[in-house]
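Please read these notes with the model open.

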Amino acid sequence: LGNTIILDNGASSLKIGKVDSQISIYPNSIFRSKSERRKNFVSNQIDGCKDYSSLFYVLPFQKGYLVNWDVQRQVWDHVFGKDVLNLKCNESNIVITEPHFNFGSIQEAMNEIFFEEYEFQSILRTNASTLSSHKYNNDNPGEECCVVVDCGYSFTHIVPYHKNVKVSEAVCRIDVGGKLLTNHLKEVISYRQLQVMDETYVMNQVKEDACYVSMDFNGDMETCKLKGKDNIVLRDYVLPDYTQIKRGYIKVGYTTPTKSQEQMIRLTVERFAVPEILFHPSDVGIPQMGLAEAIMHSVSKCSEDTQPHMLRNIVLTGGSCKFLNFKQRLEEDLRRLAPDHLDICLTMPENPVTYACEGGLRWTKTNTIREHWLTLEEYQEGGQAACARQFYDI
Amino acid sequence: AAPRRESSRLLEVNSRRVLDLATRKRRLNRQLEALEKDNFQEDPLENLPDLKKKRPKFGIPSDQEEESETPQPSKKKKRLRSDHFKQRFRKTFAAVIEAERLATEKSDRPNYFTISSLPSKIPPRHFCAVCGFFSTYTCVSCGTRYCSVKCLGTHQDTRCLKWTV
């Protein structure tokens, strides 16, 4: 068997793992910049861009599903190509991730592209959370169940696993992810202070730098009503201008507004009201359960004897889990909802973004992965039907 | 007869346009759709007509590719195939989801539609659309939430009945 690579194909970034080397992350997008109009920046070419203001995104994914194949092909071509990975596709095997219950037409296109265009030796299509489950079970021998909470860019999936097999009936999706949070932050800041609707890149950084999950929502709301130094939630964020200031940052300490050169936005309720949408989607009018409620609902659909094990093994993955206090708050919310005699235990990996990819790498080293591969010969013989059989229930 | 006494307040209230429930629902959906948008600005390459040729067109097979065709048969085959892909997999999200709806209609297996989270049992909280604090009042005209007279004023001056986002 040749080289094996893991491609966790997210809507916002590709996470690529090669055996015996570091996992790398590349943006899954083509960018256009206001300052360098003649240029298309494909994926990590954006690192060479000097001005991230009004960055224009051309994304292959829409609402979490791969629909713009031309864009995706350009990104893959670039990343597999000589500038980045320099991959010999016809000597490699690839593990690719896709969203749960992906649409048939997208799956067929994937098979076709990976076998006929890139000519991989064999492919393995799976869900990112399945890889996470493998990783979790490997790190925690003795546990047979786990619930993977994948809180990504387009949406959040809650997926219970029993012996690394997805409990399909219990999978639950909340239509809130990092993209919605950034867009919401953009919207409220644009209305209340400064027009930033075009600044997706910058506002995403603001979100990552300044937002946090509140442990006492009502209390923090009260704090925000206080004036001056008593308002300990308030932060001033200096926006980048890409001449002197290359990256935005939080201003240290309380300062009175001055007539300085730098452009600032003042964040108060936005700091915790934005991530709060994950816990209460109804705050913006999305008629769905929040994270804790949805986890309890999902677990309640699993067989009764596995339920205590599920609640004891909840693992948090995906970029939107990285908000400060995310784990503590979810733990608290779950504790309130779960029966008293059951233990609740959450695990936040060191890097929730690459967790699935690490799991994939670990899995390739075991024997259990063998039966899951589909080789090029099998595809040539059985076509799409063979793929559908092999990758059933993905 | 004596002239009818009129209340100026009632006159003003009655002349106010009030959106019905369906319109309010549509507005909410529009707001939620806006939260899914990739960009709000225009494509910076869009307004450069002289560069149109250099710009890779998304979704449309470019004629430039055909012009620069090399006689090498294998390359040609590959290029044709990629055009074939562009044609075959050009579907919008709406089209994909419609196909999925038809495909799963009669199946009782979990799918995109069934795994969507149910509505919460917890009653929704309401926030002032202007300042973000908890709100107790609803704008009579459009149903937007607000928390104080001051915020209502801002709302009426800026957004009430002119929501465009």
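1. A hairpin of three residues connects β1(A) to β2(A). β1 of chain A spans residues 3–9, and five bridges tie this strand to β2(A) in antiparallel fashion. Strands here are DSSP E runs of at least two residues, and helices are H or I runs of at least four, both numbered from the N terminus. Two strands count as paired if DSSP finds at least two bridges between them. A:D8 has A:K15 of β2(A) as its bridge partner.

2. This is a predicted model: local features need pLDDT of at least 70, side-chain atom pairs count only at pLDDT 80 or more, and totals for chains, interfaces and linings use all residues. Residues are numbered from 1 along each chain as its sequence is written, with chains lettered from A and ligands numbered from 1 in the order in which they are written.

3. β2(A) also pairs with β3 (residues 24–27) of chain A, antiparallel, through four bridges. A:S13 is bridged to A:P27 in β3(A). Five residues lie between β2(A) and β3(A) in this hairpin, and A:D20 in the turn has a positive phi of about 65 degrees.

4. How many residues of β2 (residues 13–18) of chain A are buried? Five of the six are. Buried means 20 or more other C-beta atoms within 10 Å of the residue's own, with C-beta atoms placed from the backbone.

5. Now the contact. Chain A contributes 55 residues and chain B 43 residues, counting C-beta atoms, placed from the backbone, within 7 Å. On the side of chain A that touches chain B, α4(A) gives the most, with five residues.

How values were computed: A residue is buried if 20 or more other C-beta atoms lie within 10 Å of its own, exposed if 12 or fewer, and partly exposed in between; C-beta atoms are placed from the backbone. Two residues are in contact if their C-beta atoms, placed from the backbone, lie within 7 Å.
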